[in-house]
Amino acid sequence: MNEYDLLNLTYGGLEEARRDMARLLAERSPTHSLPRPLYNDPFLFRLDMEEVFQKEWLFVGMTCEVPGKGDYMTVEIGQDPVLIVRDRDGEIQAFHNVCRHRGSRLCTQAKGKVANLTCPYHQWTYDLKGNLIFASNEMGENFDRAEYGLKKIHCKTAGGFIFVCLAEGEAPEIDPFLTSLAQYMEPYDMDNTKVAAESTLEENANWKLVIENNRECYHCSGSHPELLRTLLEWDDTNDPRATPEFLEHYQLQAEAWDREGIPHRHVEHGLRNRIVRMPLKEGTQAMTMDGKPACRKTLGRIQNRELGSMRILHLPNSWNHMQSDHLIVFRVLPVSAQKTLVTTKWLVHKDAVEGEDYEVENLRQVWDATNRQDRDLAEENQRGINSLGYEPGPYSQTYEFGVINFLDWYAETVLNNCKFDKL
């Protein structure tokens, strides 16, 4: 019995599943966790993929990962293989990583460099703008190569970030956020950075639980000793928990950032995107075990090493920490209803030399530990939610307002994309 047979058996078809999802979201309590099926049902997960990950803008990678003409990277978004490549004009393009002949994947490696894009199956060849430039003569004299170019994917870049959208029609608005992102990332000179280290964790938890865990630090004191060596738990200066001592510390740091022309004030675009620079603990300069810089070279035009961490949120799949000497970017991609891939990349100045300017172990230590701890938390959360004893529990509006905001965005996005007039 295949997925579609099971879907019909379980729901009576996809439309009934959509109605069930819309009903669950419309009837949920905004201050409570979600009903169980939204965390573990494979058919409602399929709708998450269709209504969120196939229609919204997703963070996929950094422009420095494809620095030259012909450099490419690949990523799997659910069942959709995606190819990102820099063309001969220096522009970054995104395509479905699917040959127009028989549908084989074109590029099978995570990263590489090519003159043209050649399918390993039958050698159909495309240029870096996706035009079909070679197919064997066996296709016949009436075969028109112009009709068989690669299928493009919406792609935009800003501040060193690459975003794609799989929507077949018009993509949602994202330009206001990208304008802010470019402004806030300007000091880092992202063209002159490189990925120094990368890790991917497979987490046996629904993607929403992974994001929820990230959107609060209520759990930090009990779970993240390495992270809290440098991180201040407050989300921003408006955080209701912020103490007078923290606000004074922030003000002193902000004055120094202003003198250097470093953007830092909170900016947000709805519940989906936000940027804010926050100081680290007094006397620390980077997210390392001893609070000292992880890299001898600072980034871009930055001089002040006490730059704190600029936190960037992009729902549904990314959070980031930007510091004076290195950057940490996170990408979340769902695999199934109870499996998620979390990729972390550490970036430094492109001229920094491993073993001389930075040590990879020191660069990674804090967030390797934090990621493992978060994986364990998300997986235990998933196991409990799968139980018959689970029912939606209340969030703290003081400590978990970020989780509430995320689920409000998620529910609104799915309901809008489903476009149901009646539940």
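Mentor: On a 1 Å grid over the protein atoms alone, a cavity is a set of points where a 1.4 Å probe fits but cannot get out, and its lining residues have an atom within 4 Å of a point. The model is predicted: local features need pLDDT of at least 70, side-chain atom pairs 80 or more, and totals for chains, interfaces and linings use all residues. Residues count from 1 along each chain, and side-chain values use heavy atoms, without hydrogens or water.

Trainee: Which elements give two or more residues to the lining of the second largest cavity?

Mentor: The lining of the second largest cavity consists of Glu203, Val210, Asn213, Asn214, Trp319, Val342, Asn371, Asp374 and Ala378. Elements here are DSSP runs numbered from the N terminus: helices (H or I, at least four residues) and strands (E, at least two). Two or more of the lining residues come from each of helix 6 and helix 9.

Trainee: Which elements each supply at least two residues of the lining of the largest cavity?

Mentor: Two strands take part, strand 14 and strand 15. The helices are helix 6 (207–214), helix 9 (360–385) and helix 10 (401–418). The list is therefore strand 14, strand 15, helix 6, helix 9 and helix 10.

Trainee: Where does proline 316 lie?

Mentor: Leucine 315 is joined to proline 316 by a cis peptide bond, with omega near 15 degrees. Proline 316 sits in the loop between strand 14 (309–314) and strand 15 (318–322).

Trainee: What is the phi of aspartate 189?

Mentor: Aspartate 189 belongs to the loop between helix 5 (175–185) and strand 11 (193–203). Its phi is positive, in a residue other than glycine, and lies near 50 degrees.

Terms used: On a 1 Å grid over the protein atoms alone, a cavity is a set of points where a 1.4 Å probe fits but cannot get out, and a pocket is an open set with protein on both sides within 12 Å along at least five of seven lines; lining residues have an atom within 4 Å of a point.
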